[in-house]
Amino acid sequence: MATQVDTSNATPTGVAAPSYWRGVWENHAPGYLFLLPWFIGFFGLTIGPILTSLYLSFTHFDLLTAPRWAGMDNYVRMFTNDPKFAASMRVTFIFVIFSVPLKLAFALGVALLLNRGMRGLSIYRALFYLPSLLGASVAIAILWRQIFAGNGLVNQVLATFGIIGPSWISNPNTSLWTLIILAIWQFGSPMIIFLAGLRQIPQDMYEAASLDGASRWRQFWKITLPMLTPVVFFNAIIQTIEAFKSFTPSFIISGGTGGPINSTLFYTLYLYNEAFGFFRMGYASALAWVLLIIVAAFTAFSFLTSKFWVHYDD
Amino acid sequence: MATSIELRRIQKAYGDVHVIHGVDLTIDPGEFTVFVGPSGCGKSTLLRMIAGLEPITGGDLLIDGQRMNEVPAAKRGIAMVFQSYALYPHMSVYQNLAFGLETARMPKPEIEKRVQRAAEILKIEPLLKRKPKQLSGGQRQRVAIGRAIVREPKIFLFDEPLSNLDAELRVAMRVEIAKLHNDLGNTMIYVTHDQVEAMTMADKIVVLRAGIIEQAGAPLELYNNPRNLFVAGFIGSPKMNFLAASVENGMVKAAGTSLALGRDVTGATTLGIRPEHISISEGSGIKFADVRVDLVENLGGQTVLYATTSDGQSITVVLEGQRRVDLGSTVSLYVDPAKAHVFNAEGTTIT
């Protein structure tokens, strides 16, 4: 009896198992084949380098000789004995704290104007979006340098009013602000998203409010802004991450130095110089990981606070 | 106490497109007026012009005898309930109710008093702390009405307020709005495309089509004496039967049968008889046509017959109670000549 049960159990599973897996392979092989390029890219070009950089951040590595294990040395040096790290951190935080809210406010302002309905809306929308496409490019950064240089466009305009302006980009007090203005000028992408968000707000809420006698100002603060918080939140996260990662403008405008007097030494620029200027790959990797942790912490904090100020409809 | 509204030659145009063509209407103080008509007839536009949400192109709007055309919406003493409710999703029910009062800078204790009172009237006190998304459709509807009540307006406007509710709730809310009108006694204007809502709630029905008033009057007045084919067909459910007719020897001839109405029917081209005014029992009126029964609906309280006349016209008959009628059988119809309507070629009632 027991033997019979055993054989009857064994026979189907013993036969079925290989044919089952063969079936899976035959059915799904094309799918996996199509996925293969992505797999290679994801593991070879994304996950691999990320893990490698984590390892390298605990080493001294100059690209020419093999990495030497350094334990926590790089991280300890960063926080205890590197004034440039502190300077770059300060520059980057100032940039993020000023450029992101100002850019979002500007983008929202323009979106509100466009949303009032006007002729040629799609043309304005495209024109305003253009800087976002061009903004991160080298060409625009070079253009920016011309505009804010000692004999640049800004000073030429000021000169017509009899004001002799300084060289904005070579003055450590103003150089970072030229970069903040450049960031604000690239308001197109959050503006498009704000515009889409504004379109989602039902018109009859404004009608109900206007029957109640609510002014446009009150309608903005009590209806538009709260209804828009999911979009504000999204834009804030995206723009903050972008701002932390900002590199090209400071690289071009300061000529790669982060000068004058480290006033435009963005974190990523410092990281770049450590890696490809001084070939301190281990230290640069550690810098990259600290930035990752800062951005992750910032994002996590935003999500935690979001439940107190972001209103989702349904 | 209550407020009167008067429309004088009110017009509305969007560019070259005229949607309201000179509407004259007087709404008496405390009256419950229903604007009814098919989609696109201009009923909502008319309401929005009264509210001040749409500029008036021509004519005069008078509230309590004062011209209001240029007075902003907030200063007309009006509250409006929207079809979508237009509740603010990020505010609690309390905040939604209080919004208009806070806008008017009313002192907090007074706001609280008014919100409490409105919540009592509408039985939404337990919901005051909730957000709109935590409410059912009927509860949202109550909050929307509450938002109008707290402002203690002179005039309430309702723009298809029940069309987002299911059938059962719609009937219940209909009764509540009617009660609310009885309790508050305000002048109210209610827009709907549902003639049953119009019949059950209105003191005065205004039937609109393509931007003109077809007829305005008490519900039963419109039911009994429709001015034209459109009103006759729009008011009443099921719809009035219309049969192609001619006049012979002073009698109306339709479906192969001549009918003596005992009045002048010169020029009649259409005979109209309501389904509920036709019988199949001898002795309840004079004999009309013989028809073939195509379909029988047993509703319990009523039996509805869908039949075809000998010359191929459709006719609906509503019989009281439960009647046994075989499909495909031929029955004789009897009508009361006093309840038959005749219309001329222009669709106007011949009286």
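How do β9(B) and strand β10 (residues 212-217) of chain B pair, and over how many bridges? The two strands pair in the antiparallel sense, over 5 bridges. Strands here are DSSP runs of E with at least two residues, helices are runs of H or I with at least four residues, and both are numbered from the N terminus. Two strands count as paired if DSSP finds at least two bridges between them.

The model is predicted: local features need pLDDT of at least 70, side-chain atom pairs count only at pLDDT 80 or more, and totals for chains, interfaces and linings use all residues. Residues are numbered from 1 along each chain as its sequence is written, while chains are lettered from A and ligands numbered from 1 in the order in which they are written.

β9(B) and β10(B) form a hairpin with 2 residues between them. In the turn, A210(B) has a positive phi of about 50°, and L208(B) stands opposite I213(B) in β10(B). β9(B) is also joined to strand β3 (residues 32-36) of chain B by 4 bridges, and these two strands run parallel. Here T33(B) stands opposite K204(B) in β9(B). Strand β9 (residues 204-209) of chain B is mostly covered, with 5 of its 6 residues buried. A residue is buried if 20 or more other C-beta atoms, placed from the backbone, lie within 10 Å of its own; it is exposed if 12 or fewer do, and partly exposed in between.

Chain B also holds an open sheet of 4 strands, in the order β2-β1-β4-β5, with antiparallel pairing. β2 (17-27) and β5 (66-67) of chain B stand at the edges with a single partner strand each, so one side of each lacks a neighbour in the sheet. Within this sheet, strand β1 (residues 5-14) and strand β4 (residues 58-63) of chain B pair over 5 bridges. The bridge partner of L7(B) in β4(B) is L61(B).

The largest nonpolar core has 150 residues. Such a core is a set of buried Ala, Val, Leu, Ile, Met, Phe, Trp, Tyr and Cys residues joined through C-beta atoms within 7 Å. Among those with the most contacts inside this core are V34(B), I205(B) and L271(B). Two residues are in contact if their C-beta atoms, placed from the backbone, lie within 7 Å. V34(B) touches residues including Y190(B), I205(B) and V206(B), not counting those up to four places away in sequence.

Because 10 of its 13 residues are buried, α4(B) is largely enclosed by the rest of the structure. The buried residues of α4(B) pack against β6, α2, α3 (108-122), β7 (155-159) and α5 (167-184) of chain B.

The contact between the chains takes 18 residues from chain B and 17 residues from chain A. β6 (78-81) and α2 (93-103) of chain B are the elements that give two or more residues to the side of chain B that touches chain A.

Chain A has 13 helices and 2 strands. Its radius of gyration, taken over C-alpha atoms, is 28 Å, well over the 20 Å that the globule rule (2.2 Å times the number of residues to the power 0.38) gives for 314 residues, so chain A is more spread out than a compact globule. The C-alpha atoms of chain A fill a box of roughly 105 × 70 × 35 Å along the principal axes. Of the 314 residues of chain A, 26% count as buried.
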